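User: Hi! I am new to this structure and would like to get to know it step by step. Could you walk me through it?

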Amino acid sequence: MRAAATRRRPAGRLAAADLFEFDQDHYGGIEAVDVLARHAGVRRRSRVLDVCAGLGGPARFLAAGRGCRVVGVELHGGRAAAAARLTRDVGLAAQVVVVRGDALALPFRAHAFDVCLSQEGLLHIADKPAALAECRRVLMPGGRLAFTDWIAYARLADGEHEQLRRWMAATTLQSLDSYRALLGRAGFGSVDAHDITHEWRPVLRARLERHRAGRADIVARFGAQWADEYDRLFGFFVGLVEAGKLGGGRFSGTA
Amino acid sequence: MIDDELKAILVCPACKGDLRFEEQRIICPACRKAYPIRDGIPVMLINEAESWIGP
């Protein structure tokens, strides 16, 4: 955010695009959001729900680029507040609204949305069938769910899975096939499942390298302990992806 | 604070029933819960709702 602030225009007004380099927490930046939106068929008139919306970056990108209205639902209070503030700062509050809510108990009417999106969010939710059922409930019949998430390969050891749970709150990780089955059981049709590990690998590698290159700055701001901890955790995660034990999947299905 | 389009689709996360909107909170008369609105953000979390003893 500090970096974004230095980019303020002479008028002092920040635009949504000024934040895109900083507010896309998922892997792959705005390009990944664009691909997901195409899989979901997001159009100008689409009513979009972003589940686990984080800082609201993807929601603002879609609202700014496609002109649609996006509701972002986020569990974490600090993230929801930051999402709302950034959205106000870039003048998109009429198109992007933030609600604090739980993906397992969405506070929306049935059939309220045409599109439901989520990026690297479901990995933190243990009861994936319940989360998918909620997404289906709030979608119009014929509406589309599209999301990306971590996937586990058979080679991921139980101990590694347990470490991911303790360190990164990653739980009940699915394989490409088990996710496909869960989507079918939740009532989604025309299910698409793509392994995108090859897309994530360079992105994650670059993120880890950027963290390591910026160590001095990170230590100055957050302390050596935090820098080391992050290095250990994120390095472990990226190592699993490099080793072909963990990866990413892009999924979509029709309600 | 909460726009009409959002009001039209918000329901109680617990019972999915209709809500009553006030300035600082959102009431579910069926569950007798009050969901707070903090800095303009509706907090629609069941375990953050206060009990509501309404009329």
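Predicted model: local features only at pLDDT ≥ 70, side-chain atom pairs only at ≥ 80, totals over all residues.

User: Is A:Glu120 buried or exposed?

Analyst: A:Glu120 sits in the loop between β4 and α6 (128–138) of chain A. Its phi is near 45°, a positive value in a residue other than glycine. The relative accessibility of A:Glu120 is 11%, and the cut-off for burial is under 20%, so A:Glu120 counts as buried.

User: And B:Asp39, is that residue buried or exposed?

Analyst: B:Asp39 lies in the loop between β3 (33–38) and β4 of chain B. With a relative accessibility of 67%, B:Asp39 counts as exposed.

User: Which residue stands opposite B:Arg38 in β4(B)?

Analyst: β3(B) and β4(B) pair in the antiparallel sense, over two bridges. They form a hairpin with two residues between the strands, and B:Asp39 with its positive phi belongs to that hairpin. Across from B:Arg38, the residue in β4(B) is B:Ile41.

User: What is the bridge partner of B:Cys28 in β3(B)?

Analyst: Strand β2 (residues 25–28) of chain B runs antiparallel to β3(B), and four bridges join the two. Their hairpin has four residues between the strands, and B:Arg32 in the turn has a positive phi of about 55°. The partner of B:Cys28 in β3(B) is B:Lys33.

User: Let us move to chain A. Why is strand β1 of chain A largely enclosed by the rest of the structure?

Analyst: Strand β1 of chain A covers residues 47–51. The reason lies in its residues: β1(A) is largely enclosed because, out of five, the number buried is four.

User: Which residue of β4(A) is the bridge partner of A:Val51?

Analyst: β1(A) pairs with strand β4 (residues 113–119) of chain A in the parallel sense. Four bridges hold that pairing. In β4(A), the partner of A:Val51 is A:Ser118.

User: How many of the residues of α4(A) are buried?

Analyst: Among the buried residues of α4(A) are A:Pro58, A:Phe61 and A:Leu62. Just after the helix, A:Gly67 takes a positive phi of about 80°. α4(A) is mostly covered, and of its 10 residues the number buried is seven.

User: How are the rings of A:Phe108 and A:Phe113 arranged, edge-to-face or stacked?

Analyst: Over all chains, a search of the whole structure finds 12 aromatic pairs. The ring centres of A:Phe108 and A:Phe113 are 5.3 Å apart and their planes stand at 90°, where over 60 degrees counts as edge-to-face. Both A:Phe108 and A:Phe113 are buried. Their arrangement is therefore edge-to-face.

User: What is the relative accessible area of A:Trp226?

Analyst: A:Trp226 forms a tilted aromatic pair with A:Phe222, at 5.1 Å centre to centre and with 40° between the planes. The two belong to one aromatic cluster that also includes A:Tyr27 and A:Trp150. A:Phe222 is exposed, at 51%. A:Trp226 is partly exposed, with a relative accessible area of 43%.

User: One last topic: which class has 10 residues in the lining of the second largest pocket?

Analyst: The second largest pocket has a volume of about 270 Å³. Of its 15 lining residues, those closest to the centre include A:Ala93, A:Val97 and B:Met1. Elements that each supply at least two lining residues are α5 (77–89) and β3 (96–100) of chain A and β4 (41–42) of chain B. By class, the lining has two polar and three charged residues, and the class with 10 is nonpolar.

Definitions and conventions
Residues numbered from 1 in each chain as written. Chains lettered and ligands numbered in written order. Heavy atoms only, no water. 1 Å grid on protein atoms, 1.4 Å probe; cavity = no way out; pocket = protein on both sides within 12 Å on 5 of 7 lines; lining within 4 Å. Points joined across faces, edges and corners; volume = space filled by probe spheres on them. Nonpolar A, V, L, I, M, F, W, Y, C, P; charged D, E, K, R; others polar. Phe/Tyr/Trp six-rings, centres within 6.5 Å; stacked < 30°, edge-to-face > 60°. Buried < 20%, exposed > 50% of the residue type's maximum accessible area, 1.4 Å probe, protein only. Pairing = 2+ DSSP bridges.
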